[in-house]
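User: I would like a close look at one part of this model, namely its pockets and what surrounds them.

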Amino acid sequence: RATEGEPVVVVNAHETDDRPRADRTLLAGAPLTVLDGAAAVAAHVDATDLVVYLAEGDRALAERVREAVDAATAALPAAAQVVAGPDEYRAGAPTCALEAMEGADRVEPRLQPPTPAEHGLYGRPTVVHTPRTVAQVRAALAEPEGFTSRARDPGTRLVTVTGDVAAPATVELAPGADLEEAKGAVDLGGAYKMACVGGPLGGLTRDLSVGPDARSLSAAGLGTDGVVELLTERRCVVATAGRRARFASEENSGRCVPGREGTEQLTALLRDVSGGDYEPEGIRELGRVMRASANCRVGAHAPRPAMTAMETFGAEFRAHANGRCPAGVCEVDR
């Protein structure tokens, strides 16, 4: 509000990965709830424009949101529009989203500072948050007694439960609940072994007795993208961590060295484990450097699956290095 220029509010619903579905579910099922929250934010910062940003492939969702915008236009305090960005994982990061909406030829994260609040979409002060966040604004205004500055975790949390399940489900967890409660919403196709919490670059863990709020998830070394993948005993933890490192090496913007080179090095180090060369300290040091120096969220989050996997499943990494896959799914022959 203190920055010069006409503010703009961006509801960032861009998601190309199939695992997180909470924002898409919310927008499809209750678009006016999201618009109401975004309108409250727009009124608070005196924004003149409100943008809902989606992935190009979400055509049906875009049509649904446009219908909601048309229905609510007369009541909105700012001019609203729906904008689509490229179907690339990195295009969902907040500053990448701004670059994509501006029509940049190469979608990559911006150096910060300045933050989007100071220099955002077309240089204007910008509020950029997910549908889940702005929907909470509506809930806070409608039921203020449930939202106080003293509350550790006010409001409910939307979490998608997926992975080795018969069908994914998006659940709403009450304040004070933990992720263990979300397991009951799905049928697991085998014996539970581990979960990846926080999207493709989330943390691997056995323990789901952790709250779904950002503070609790971050303290546990897990991701905050609102998705829990339940994985069965048929999964190899070394292969799982390796595939996610490779995903990061393919999906990063190439803007910074940790994202461009670090993800390649991480992938190679994890591949070497099955060849008998396991260097846990080297992986940890690389991960520390990447987290501290990456400019993009892909580079910063890429080490998380491997780091958390080594902490919880170190014995499986050592077994791989000794020529044996405990899960029996990898070809390890020496």
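How much space lies in the largest pocket?

Analyst: This is a predicted model, in which local features need pLDDT of at least 70 and side-chain atom pairs count only at pLDDT 80 or more, while totals for chains, interfaces and linings use all residues. Residues are numbered from 1 along each chain as its sequence is written, and side-chain values use heavy atoms, with hydrogens and water left out.

The largest pocket holds about 1,300 Å³ of space. Its lining is made up of 47 residues, and Asp23, Thr130, Arg132, Thr133 and Thr224 are the closest to the centre. A pocket here is an open set of points on a 1 Å grid over the protein atoms alone, where a 1.4 Å probe fits and protein lies on both sides within 12 Å along at least five of seven lines; lining residues have an atom within 4 Å of a point. Grid points are joined across faces, edges and corners, and the volume is the space filled by probe spheres set on the points.

At least two lining residues come from each of helix H1 (22-29), strand E4 (126-129), helix H5 (131-142), strand E5 (157-163), helix H6 (214-219), strand E9 (227-232) and H10, where helices (H or I, at least four residues) and strands (E, at least two) are DSSP runs numbered from the N terminus. H5 gives the most to this lining, with six residues. By class, the lining of the largest pocket has 23 nonpolar, 13 polar and eleven charged residues, with Ala, Val, Leu, Ile, Met, Phe, Trp, Tyr, Cys and Pro counted as nonpolar, Asp, Glu, Lys and Arg as charged, and the others, Gly among them, as polar.

The second largest pocket has a volume of about 230 Å³. It is lined by 15 residues, of which Gly221, Leu222, Arg291, Arg304 and Thr308 are the closest to its centre. Two or more residues of this lining come from each of H9, H10 and H11, and H11 gives the most, with four residues. The lining of the second largest pocket divides into three nonpolar, seven polar and five charged residues.
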